[in-house]
Structures are given as structure tokens and as C-alpha cells.
Amino acid sequence: IRAPLRANILTMRPKPAKKRYFNPGTILLIRQFAIGLGLFSLVALLVTLVWHGTRLEQFTIATVTATGGQTLEADLVREKAEEVLVGTYLGLIPKRFTFFYPEAAMIENLKTIERIKEVQVDKLNNQSLQITFKEYVPEALWCKDKTTDECFFIDETGLAFGVAPSLSGGSLVRYYNLQLPPERGVTVLPLPDYLATKEFVSLLESAVPGWYVRLVEVDAVRDAFFTIAGGGEIKATLNESPARTIENLNTILRSEEFSDLEPGTFQYIDLRFGTKVFVNEEPLLPPATSTATVTEEVLE
């Protein structure tokens, strides 16, 4: 009886389960896919947050104002500044985003306005920018030659800063430099020479009423030629002080022989040789029939 019962018990034991093995390459692939999916989701979340966060109204520059200058319109400066606020960085962050707005590019763009001399950009708050600027003031003209109106405005230092329109009249003195064509950002003369010519012009107009300089030309050896409105030229040297040159001129004009000299009654007065002055008198007659005399005057 026991033997058959044991046999039945043995036959009722469950069969052992078969173990399943995964390919290591498949496991690695699944793991990499999971990591990639997680990173993609994180990046997508960050991009979404940046996209919306940088477009919040409280962090967007909405107002740009400009002040300063005398002749430049503030609207022109404002429009030039707003040109660089158009668009986005990498198609994601707006250039109007207050923490990343392109300040340096804005300043460079504003400096392309010819009359802008100095410019400063300040952020008043997260939504407003204030532009303060100074402009060049034209003091004279630097022209290509004596037969053209191709000129640049120059400032108080002789720096060319903008193309001048065709101007009539003689409100601005014209400069010529045969060695150097006019160009924006370049000075017509070395600063000491330019200041010396300015001083001469000012002293002449104060010392001799009615004598106004229309043209100034300086050559390579610092000889200066001042053309007087109405006719006539004064030749001087920048190696001598303007005050001393004007003093010599006054001595000539006070003398009995040259007391009647006026613009248009002489060709030139040459003051380049210290106390030795040469005067070329020419009557107001057509060149073919006129006669000229050169008188040498020694100042004592």
C-alpha cells in the first residue's frame, strides 16, 4: 500500500519554472532610451519655462526715451536705439528681455548717427531705458578743394564728424588740406595748429573790423593762408604766435602808406618773415588790364 502512494506523491510535484535571460545589449538600449527621454523632457521643460519667462510683461523693455543735444531730434535717436531690440537670441530669448538687452550693440548703432558725440544708456527699471546723448556742434567746414562743395562739418577740435550739405554764405570758415582729403573721424590739422588758426581768425576779426576770414589753408611746412571775404589773402606762419602776427599786421595798417588797405584792394599781405612784410597791392580791375606792385615793408 505504501509503495504506490509514494509514487503518486512523487508524480504530483510541480515542475521547476524555466528562467528567462535578457540580452545585455537590449538592457543597455532600454536604459539609454529612458535616460534620453528624461533629458529631453527636462530640456523641453526648461525651454518652455525660458520661453514664457522671458516674455513676461514685467521683464520686457517697452519704453525707450532719449534726451540731449540741440539739433538732433530725440525721435531719431530713439528709433535708432530700438532697431537693435528687434528679434531674439537663438530664436528663444527676446532682445527686449530686460536682463539681456543688447546695450553695447545699441550704443554702437547710435554712434552711426553722424552728429552723435557721446551717448549713455541707463535702465530706469525693468521696462524702461533712458538714452542721454551729446551732439557735435559744427564750428567750421573741411572741404575737398576750393572748387567744390564736398565738405564735412568739423567741431571745436578740427574733427570731421558729418557730411555737410551745400551751403551758401560764409557763416562757417572753410578749411582745405592739400595733403589730406576730408574724412569722417579724422582731424583736419594737428590740434595745436587748428587752435592757432582759430585764434588768428578771432584776433583778426577783433583787431580789424570788417576783415573776416572765409578760407583757411595750411601747407606741410605750417604756412597758413587766410582768404579774406571781399578779396585778398593774408599769409602767415604757425611757427609764430597768432598774437604776434596780428600785431605786425596792425603795424602795417596803421602806417600812412597802407592805411587805405581794405578787403578787395590787395592781392596778399605776407607776414611769414617776422618784421619783414610784403604787400602785393592790386586794384579791382580785370586781371588782363590790372597791374600789381609788391611793396616790402620792414617793421621797426
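**Salt bridges.** I counted 12 salt bridges, taking each as a side-chain nitrogen of Lys or Arg within 4 Å of a carboxyl oxygen of Asp or Glu. I kept in mind that this is a predicted model, where local features need pLDDT of at least 70, side-chain atom pairs count only at pLDDT 80 or more, and totals for chains, interfaces and linings use all residues. Residues are numbered from 1 along each chain as its sequence is written, and side-chain values use heavy atoms, with hydrogens and water left out.

**Lys134 and Glu118.** I found these two in a salt bridge, with the closest N and O atoms 3.9 Å apart. Lys134 sits in strand β5 (residues 128–135) and Glu118 in strand β4 (residues 116–125), so the bridge ties together parts 16 residues apart in sequence. My strands (E, at least two residues) and helices (H or I, at least four) are DSSP runs, numbered from the N terminus.

**Glu139 and Lys198.** Here I read 3.0 Å between the closest N and O atoms of the salt bridge. The pair links distant parts of the chain, 59 residues apart: Glu139 is in the loop between β5 and β6 (140–143), and Lys198 is in helix α5 (residues 191–207).

**Asp223 and Arg272.** I noted a salt bridge at 3.3 Å, N to O. Is Asp223 buried or exposed? At 15% relative accessibility, Asp223 is buried, while Arg272 is partly exposed at 23%. My cut-offs were under 20% relative accessible area for buried, over 50% for exposed, and partly exposed in between (1.4 Å probe, protein chains only).

**A network.** I also saw Asp75, Arg78 and Glu82 linked by salt bridges.
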